[in-house]
Amino acid sequence: MLRTFLLLGLTGFAQEAFGRNVYLDWNLTWVNAAPNGFERPIIGINGQWPCPQIDLHIGDNLVVDVYNGLGNESTGIHWHGFHQNYNTFMDGVPDITQCPLKPNQRMRYVIPVNQTGSYWYHSHQEGQYPDGIRGPIIVHDTKPADFHYDEEITVTLSDWYNRQMPHLKEEYMYPTAGPAGLEPLPDAVLFNDAVGTKIPVKPNKTYLIHVICMGNWPGHAFIVEDHDLTVVRADGVPVEPKLATPQYLRMTVGQRLDLLLTTKNDTSRNYAIWDGLDIDEMFIRENRTPPPGYNANGTAWLMYNEDAPFLPSPDIQIHNASLEFLDDVTLQPKDGLPLLEPVDRQIVLDFSYSQVDGVPNYNINGKTYVAPGEPTLYTALSADRQEALDPAIYGSVNQYVVQYGEIVELVINNNHNNLHPWHLHGHDFQILQRTYPEGGAFNGYHNISAIPSRRDTLMVEPKGHAVLRFKAMNPDKSPCLRVWMLHCHIEFHMQTRLMAVIIEAPDYLQNLSMPADHRDVCGGKPSLFAPLPPLPGL
């Protein structure tokens with residue numbers, strides 16, 4: 001039950017209007033679609049799917065009114081990669097930063113836009129985004145970029161399933177045949193939520209390509225036939241331009257890359273764009289045999305000329321043993337942010353896979369995450385300053401309290417024999433080191449860069465580890481409570497609770513008050529006709 005503090009409510013949520021308001025009015029509903037030729041129910045927006053791309057400029061306010069018209073499921077929308085400074089209410093995670101948005105309720109998300117690059121939105125309610133509720137967000141800078149390009153292209157990558165996630169989760173956790181814990185195999189690979197996607201280009205032009213991995217489970221290899229790719233941003237962080245050599249870019253669920261590609265001065269043929277699912281992750285490390293004829297690859301086309309030929313797509317097989325990838329740990333941020341030190345707080349996360357009564361289970365430091373009785377953020381708000389620093393009040397496990405201004409080091413030891421993409425909300429983190437497969441648990445630092453790579457999602461290798469750092473403060477050095485999920489972004493693994501929560505500076509409460517419509521959602525009242533606050537700046 002929510003505490004009296006929340007039921008009495010705090011009025012409004014002030015947002016400074018930095019620029020224009022980009023207002024969207026969304027009704028989440030079930031629609032029928034067939035991205036790979038197999039029609040099934042999919043979650044769309046305003047009766048349409050694929051869900052729309054959101055284009056923004058730095059300084060905008062994104063304002064989205066979300067009505068849950070699904071009828072049979074609660075929801076919540078997360079704005080993946082946005083730091084949400086002073087804005088943790090809007091992170092969109094049910095049970096962590098908000099109550100679930102129940103059917104026939106609505107609420108408003110207000111996000112000041114102060115980062116450029118590629119991001120995406122998706123439901124953070126269990127299992128929903130692989131069922132369709134996801135889409136790209138591109139933030140354009142108002143100043144000229146320090147690299148040249150003529151036009152922009154967005155490419156989303158995802159694995160796709162012919163069955164809905166509730167059925168897939170049941171198969172994963174309680175199979176009728178075979179062992180539990182084997183992720184169901186994808187039925188297709190989608191580019192921009194379609195198969196056979198054609199991306200038109202002009203000769204002798206440079207394109208800024210926003211590549212966003214919106215998948216559910218395996219890693220992806222992104223390859224453009226016979227074209228160079230230069231990385232200029234990783235998860236929104238500008239990096240020193242780096243030519244991908246060889247031309248294989250590995251991406252995991254949740255990651256984004258901004259790439260430069262210059263087209264040829266020749267329109268006599270078209271070129272393949274490949275997305276190869278990681279068969280090492282899907283089969284080899286799970287001791288599985290691919291079904292006869294199974295295809296783990298998808299092909300789109302870089303279209304120079306509709307009348308030019310399509311050449312046969314070679315049968316590439318993507319796994320760690322066969323291809324060398326650009327190591328994203330070697331990307332150097334352009335802002336030159338030095339290594340954060342000294343460390344004030346080290347959090348060691350030893351995670352493992354097991355089965356409890358035959359049911360898959362992930363644990364961190366021997367404990368499996370349990371959802372709290374009320375959203376973690378609201379518990380922190382309703383506590384006094386000293387009480388808020390006590391992890392025990394949050395009614396769950398794997399909740400870590402860090403204090404304002406601390407340099408926090410996360411040591412993630414992967415004791416499982418497969419790969420896991422870890423995503424931290426609210427921050428990009430420095431990557432001090434990451435082992436190769438079978439690299440073992442952390443036992444000291446090795447060859448740390450003075451200017452470490454940064455991003456918000458990182459693949460942690462099997463039986464290996466990663467060391468990450470971030471600073472628990474806002475960029476303007478003003479203290480403010482923030483509550484962030486830290487989790488594996490494979491949705492099947494979210495079902496088995498491979499996650500933790502970082503509660504940042506909970507003793508600083510003066511800068512936050514709860515939005516009234518968020519409070520109403522917690523009270524269980526239908527809010528279809530409830531008034532919402534005015535748009536920021538109006």
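In this predicted model, Ile77 stands opposite Ser123, a residue of strand S7. That facing pair is a handy place to start, and from here we can look at the strands around it.

S7 covers residues 117–123 and pairs with S5 in the antiparallel sense, over four bridges. S7 also pairs with strand S8, residues 134–140, and this pairing is antiparallel too, with six bridges. Within it, Tyr119 has Ile137 of S8 as its bridge partner.

Here are the two pairings side by side:

| Strands | Sense | Bridges |
|---|---|---|
| S5 and S7 | antiparallel | four bridges |
| S7 and S8 | antiparallel | six bridges |

Now for the whole sheet. Its four strands run in the order S3-S8-S7-S5, and the sheet is open, with mixed pairing. Strand S3 (54–57) and strand S5 (77–80) are the edge strands, each pairing on one side only. On average, neighbouring strands of this sheet are turned by 25 degrees against each other, direction ignored.

Is S7 largely enclosed or largely open to the outside? Seven of its seven residues are buried, so S7 is largely enclosed by the rest of the structure. Buried here means under 20% relative accessible area.

Notes
Residues are numbered from 1 along each chain as its sequence is written. This is a predicted model: local features need pLDDT of at least 70, side-chain atom pairs count only at pLDDT 80 or more; totals for chains, interfaces and linings use all residues. Side-chain values use heavy atoms; hydrogens and water are left out. Two strands pair if DSSP finds at least two bridges between them. Helices (H or I, at least four residues) and strands (E, at least two) are DSSP runs, numbered from the N terminus. Axes are lines fitted to C-alpha atoms, for helices over the stretch in contact, and angles run from 0 to 180 degrees between N-to-C directions. Buried means under 20% relative accessible area, exposed over 50%, partly exposed in between (1.4 Å probe, protein chains only).
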